[in-house]
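Here are a few notes to read with the structure open beside you. Take the points in order and find each residue as you go.

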Amino acid sequence: MERRELFSFLSSSLKDAVREKEESNEVVLRPPYYKSEDAFGTECQQCQGECASLCQEQIIVIGEDKTPYLDFSKRGCTYCDECAIACPSDVLLVENKKMVEASIIINQQKCLSWQGVMCFSCKDPCLEDAIDFKAMFMPEINEKCTSCGFCIGRCPADAIDILPKDDM
């Protein structure tokens, strides 16, 4: 077991407890293939959740309101199109593909690297090379970020925040 894996394992129970407390403030992110937010409230009510069952990364969760949302706590979105292909009511369509409508930022007060601890947990899973480190200890998200969320679940300090695009 690598040091990062051990550190992530040890912090996972703490992260789960923090997430439970912050659930009421959590941002609802939809799969990146919809045209209208309103369609989730009407069309998804009769659906059996095919988008969630076919998600390769298992990040689509069907909420109590029977609508799908993304959970980046363990993995991220590969933009594979499978959820849109599986959607029987055309709420999700491949031709509506876009990036996840969120901005991902690093909370400098929580970030281990910003506190002087050598940690690259967010950078390692980033498929787009969207995290730059300045002087080895100051990670920042750059313009290559696709809001895929792979960095979020890997951060042992829960220092990566998701903001809706309209809050930026």
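This is a predicted model: local features need pLDDT of at least 70, side-chain atom pairs count only at pLDDT 80 or more; totals for chains, interfaces and linings use all residues.

1. Y34 and F40 form an aromatic pair, with 5.2 Å from centre to centre and 70 degrees between the planes. Why is it called edge-to-face? Because the angle between the planes is over 60 degrees.

2. The count comes to two aromatic pairs, and F120 with F133 is one of them. Their ring centres are 4.7 Å apart and the planes sit at 55 degrees, so this pair is tilted. F120 is in the loop between β3 (102-106) and β4 (131-134), while F133 belongs to strand β4, so the pair links parts of the chain 13 residues apart. F120 and F133 are both buried.

3. Go back to the rings of point 2 and check for charged neighbours. R30 lies over the face of F40, 4.6 Å from the ring centre. Y34 has K98 over its face, at 3.9 Å from the ring centre.

4. Finally, have a look at the largest nonpolar core, which has 38 residues. Which of them touch the most other members? They are I60, F72, L92 and I160. Elements giving two or more residues to this core include α2 (38-43), β3 and β4. Take I60 as your example: leaving out residues up to four places away in sequence, its contacts include P31, C51, Y69 and C83.

Definitions and conventions
Residues are numbered from 1 along each chain as its sequence is written. Side-chain values use heavy atoms; hydrogens and water are left out. Rings of Phe, Tyr and Trp (its six-membered ring) pair if their centres lie within 6.5 Å; planes under 30 degrees apart count as stacked, over 60 as edge-to-face and the rest as tilted. Helices (H or I, at least four residues) and strands (E, at least two) are DSSP runs, numbered from the N terminus. Buried means under 20% relative accessible area, exposed over 50%, partly exposed in between (1.4 Å probe, protein chains only). A charge sits over a ring if NZ of Lys or CZ of Arg is within 6 Å of the ring centre and within 35 degrees of the ring normal. A nonpolar core is a set of buried Ala, Val, Leu, Ile, Met, Phe, Trp, Tyr and Cys residues joined through side-chain atoms within 4.5 Å. Contact means heavy atoms within 4.5 Å.
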